[in-house]
Amino acid sequence: MLVIGGARSGKSTFAESRLPRDSRVTYVATSQRNPGDTEWEERIRLHQARRPATWRTIETIDIASVLLADDDSPVLVDCLGVWITRILDEVGAWTAAAEDETWHNDLRSRVDELTGAIRRTRRDVIFVSNEVGMGVVPDTPAGRLFRDELGRLNAAVGDACDEVWMCVAGIPKRWA
(Lines give C-alpha, C1' and ligand atoms only; values in the text may rest on other atoms or scores of the structure.)
Protein backbone atom coordinates (compact mmCIF):
# COMPACT_ATOMS: atom_id res chain seq x y z
CA MET A 1 0.00 0.00 0.00
CA LEU A 2 1.16 3.53 -0.81
CA VAL A 3 -0.20 6.46 1.21
CA ILE A 4 0.55 9.89 -0.25
CA GLY A 5 -0.39 13.39 0.77
CA GLY A 6 0.87 16.87 1.39
CA ALA A 7 2.60 18.17 4.49
CA ARG A 8 0.61 17.56 7.66
CA SER A 9 -2.15 15.85 5.68
CA GLY A 10 -2.52 12.94 8.12
CA LYS A 11 -0.75 10.38 5.91
CA SER A 12 1.57 8.97 8.60
CA THR A 13 -1.20 8.76 11.21
CA PHE A 14 -3.48 7.02 8.69
CA ALA A 15 -0.74 4.56 7.69
CA GLU A 16 -0.02 3.78 11.35
CA SER A 17 -3.73 3.17 12.00
CA ARG A 18 -3.78 0.44 9.34
CA LEU A 19 -1.37 -1.73 11.36
CA PRO A 20 -1.91 -3.66 14.59
CA ARG A 21 -0.84 -1.64 17.63
CA ASP A 22 -0.50 -4.68 19.86
CA SER A 23 1.77 -6.87 17.74
CA ARG A 24 5.10 -6.74 15.96
CA VAL A 25 5.52 -4.18 13.18
CA THR A 26 8.79 -3.20 11.55
CA TYR A 27 8.94 0.58 11.20
CA VAL A 28 11.50 1.76 8.65
CA ALA A 29 12.58 5.34 9.35
CA THR A 30 14.37 6.73 6.29
CA SER A 31 15.49 10.01 7.84
CA GLN A 32 18.89 10.89 9.19
CA ARG A 33 19.26 12.44 12.57
CA ASN A 34 20.57 15.97 12.65
CA PRO A 35 21.24 17.10 16.24
CA GLY A 36 21.90 20.64 14.96
CA ASP A 37 18.33 20.91 13.62
CA THR A 38 16.11 21.01 16.69
CA GLU A 39 12.90 21.26 14.66
CA TRP A 40 13.77 18.07 12.70
CA GLU A 41 14.74 16.25 15.89
CA GLU A 42 11.38 17.24 17.42
CA ARG A 43 9.54 15.79 14.39
CA ILE A 44 11.42 12.52 14.86
CA ARG A 45 10.64 12.51 18.58
CA LEU A 46 6.91 13.01 17.93
CA HIS A 47 6.84 10.17 15.40
CA GLN A 48 8.62 7.90 17.89
CA ALA A 49 6.24 8.82 20.70
CA ARG A 50 3.24 7.68 18.61
CA ARG A 51 4.66 4.20 18.00
CA PRO A 52 3.65 1.30 20.24
CA ALA A 53 6.38 -0.43 22.24
CA THR A 54 5.78 -3.61 20.20
CA TRP A 55 6.96 -1.90 17.01
CA ARG A 56 10.63 -2.26 16.09
CA THR A 57 12.30 0.73 14.40
CA ILE A 58 15.02 0.34 11.79
CA GLU A 59 16.75 3.52 10.60
CA THR A 60 17.95 2.78 7.06
CA ILE A 61 17.63 3.63 3.38
CA ASP A 62 18.15 -0.02 2.43
CA ILE A 63 14.41 -0.69 2.27
CA ALA A 64 14.79 -3.62 -0.16
CA SER A 65 16.77 -5.63 2.40
CA VAL A 66 14.10 -5.08 5.03
CA LEU A 67 11.32 -6.15 2.65
CA LEU A 68 13.18 -9.31 1.65
CA ALA A 69 14.27 -10.28 5.19
CA ASP A 70 13.09 -13.57 6.63
CA ASP A 71 10.43 -11.97 8.80
CA ASP A 72 6.66 -11.98 8.60
CA SER A 73 5.92 -8.79 10.53
CA PRO A 74 4.20 -6.00 8.60
CA VAL A 75 6.40 -3.09 7.50
CA LEU A 76 5.73 0.64 7.58
CA VAL A 77 8.17 2.81 5.60
CA ASP A 78 8.06 6.52 6.44
CA CYS A 79 8.86 8.24 4.18
CA LEU A 80 9.78 7.95 0.51
CA GLY A 81 10.29 11.71 0.16
CA VAL A 82 13.16 11.55 2.64
CA TRP A 83 14.41 8.32 1.03
CA ILE A 84 14.62 9.87 -2.45
CA THR A 85 16.43 12.91 -1.02
CA ARG A 86 19.06 10.67 0.57
CA ILE A 87 19.41 8.61 -2.63
CA LEU A 88 19.81 11.81 -4.70
CA ASP A 89 22.57 12.79 -2.25
CA GLU A 90 24.19 9.37 -2.57
CA VAL A 91 24.24 9.36 -6.40
CA GLY A 92 25.49 12.96 -6.61
CA ALA A 93 22.42 14.29 -8.41
CA TRP A 94 22.45 17.71 -6.75
CA THR A 95 25.89 18.61 -8.07
CA ALA A 96 26.07 16.65 -11.34
CA ALA A 97 25.98 18.42 -14.67
CA ALA A 98 22.58 18.25 -16.38
CA GLU A 99 23.95 16.10 -19.20
CA ASP A 100 25.64 13.63 -16.83
CA GLU A 101 23.68 10.39 -17.14
CA THR A 102 25.63 8.50 -14.47
CA TRP A 103 23.49 9.64 -11.56
CA HIS A 104 20.30 8.95 -13.56
CA ASN A 105 21.39 5.35 -14.08
CA ASP A 106 22.38 4.94 -10.44
CA LEU A 107 19.05 6.39 -9.31
CA ARG A 108 17.05 4.14 -11.66
CA SER A 109 18.97 1.15 -10.33
CA ARG A 110 18.02 2.02 -6.73
CA VAL A 111 14.36 2.60 -7.64
CA ASP A 112 14.27 -0.68 -9.61
CA GLU A 113 15.81 -2.49 -6.63
CA LEU A 114 13.08 -1.09 -4.38
CA THR A 115 10.15 -1.84 -6.72
CA GLY A 116 11.53 -5.32 -7.37
CA ALA A 117 11.62 -5.98 -3.62
CA ILE A 118 8.04 -4.70 -3.29
CA ARG A 119 6.91 -7.20 -5.91
CA ARG A 120 8.84 -10.08 -4.31
CA THR A 121 8.13 -9.52 -0.62
CA ARG A 122 5.59 -11.66 1.17
CA ARG A 123 5.25 -9.07 3.93
CA ASP A 124 2.42 -6.56 4.22
CA VAL A 125 4.01 -3.18 3.51
CA ILE A 126 2.75 0.38 3.79
CA PHE A 127 4.76 3.24 2.28
CA VAL A 128 4.23 6.88 3.22
CA SER A 129 5.22 9.54 0.71
CA ASN A 130 4.74 13.21 0.00
CA GLU A 131 2.69 14.42 -2.94
CA VAL A 132 4.59 17.41 -4.30
CA GLY A 133 3.47 17.50 -7.94
CA MET A 134 0.17 19.31 -7.50
CA GLY A 135 1.55 22.73 -6.62
CA VAL A 136 3.49 25.39 -8.42
CA VAL A 137 6.61 24.52 -10.36
CA PRO A 138 9.56 25.05 -8.00
CA ASP A 139 11.73 28.01 -8.94
CA THR A 140 15.07 26.29 -8.33
CA PRO A 141 16.72 23.45 -10.24
CA ALA A 142 17.05 21.46 -6.99
CA GLY A 143 13.36 21.93 -6.21
CA ARG A 144 12.35 20.79 -9.69
CA LEU A 145 14.71 17.81 -9.51
CA PHE A 146 13.23 16.72 -6.18
CA ARG A 147 9.63 17.18 -7.36
CA ASP A 148 10.22 15.28 -10.60
CA GLU A 149 12.12 12.37 -9.06
CA LEU A 150 9.69 11.99 -6.16
CA GLY A 151 6.81 12.01 -8.64
CA ARG A 152 8.50 9.27 -10.68
CA LEU A 153 9.21 7.28 -7.52
CA ASN A 154 5.61 7.60 -6.30
CA ALA A 155 4.36 6.38 -9.70
CA ALA A 156 6.74 3.39 -9.69
CA VAL A 157 5.89 2.42 -6.10
CA GLY A 158 2.17 2.96 -6.71
CA ASP A 159 2.39 0.63 -9.70
CA ALA A 160 4.08 -2.04 -7.55
CA CYS A 161 1.55 -1.75 -4.70
CA ASP A 162 -1.94 -3.21 -4.55
CA GLU A 163 -3.51 -0.07 -3.05
CA VAL A 164 -2.88 3.67 -3.29
CA TRP A 165 -4.42 6.11 -0.82
CA MET A 166 -4.23 9.89 -0.67
CA CYS A 167 -4.74 11.98 2.45
CA VAL A 168 -6.06 15.53 2.17
CA ALA A 169 -6.95 17.56 5.27
CA GLY A 170 -6.74 14.41 7.39
CA ILE A 171 -9.19 12.49 5.21
CA PRO A 172 -7.89 9.36 3.46
CA LYS A 173 -9.33 8.38 0.07
CA ARG A 174 -8.50 5.21 -1.81
CA TRP A 175 -7.46 5.82 -5.44
CA ALA A 176 -6.48 2.35 -6.59
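Is the crossing of α4 and α5 left-handed or right-handed? The structure is a predicted model, in which local features need pLDDT of at least 70, side-chain atom pairs count only at pLDDT 80 or more, and totals for chains, interfaces and linings use all residues. Residues are numbered from 1 along each chain as its sequence is written, and side-chain values use heavy atoms, with hydrogens and water left out.

Helix α4 (residues 80-91) packs against helix α5 (residues 102-120) at an angle of about 140 degrees, their axes lying 9 Å apart. Helices (H or I, at least four residues) and strands (E, at least two) are DSSP runs numbered from the N terminus. Axes are lines fitted to C-alpha atoms, for helices over the stretch in contact, and angles run from 0 to 180 degrees between N-to-C directions. The crossing of α4 and α5 is right-handed (the near helix is turned clockwise from the far one by less than a right angle).

The strands form an open sheet of 7, in the order β3-β2-β4-β5-β1-β6-β7, with mixed pairing; two strands pair if DSSP finds at least two bridges between them. Because β3 (55-59) and β7 (171-174) stand at the edges with a single partner strand each, one side of each has no neighbour in the sheet. The twist averages 20 degrees from one strand to the next. Strands β4 (residues 75-78) and β5 (residues 125-130) run parallel and are joined by 4 bridges, with V77 opposite F127 in β5.
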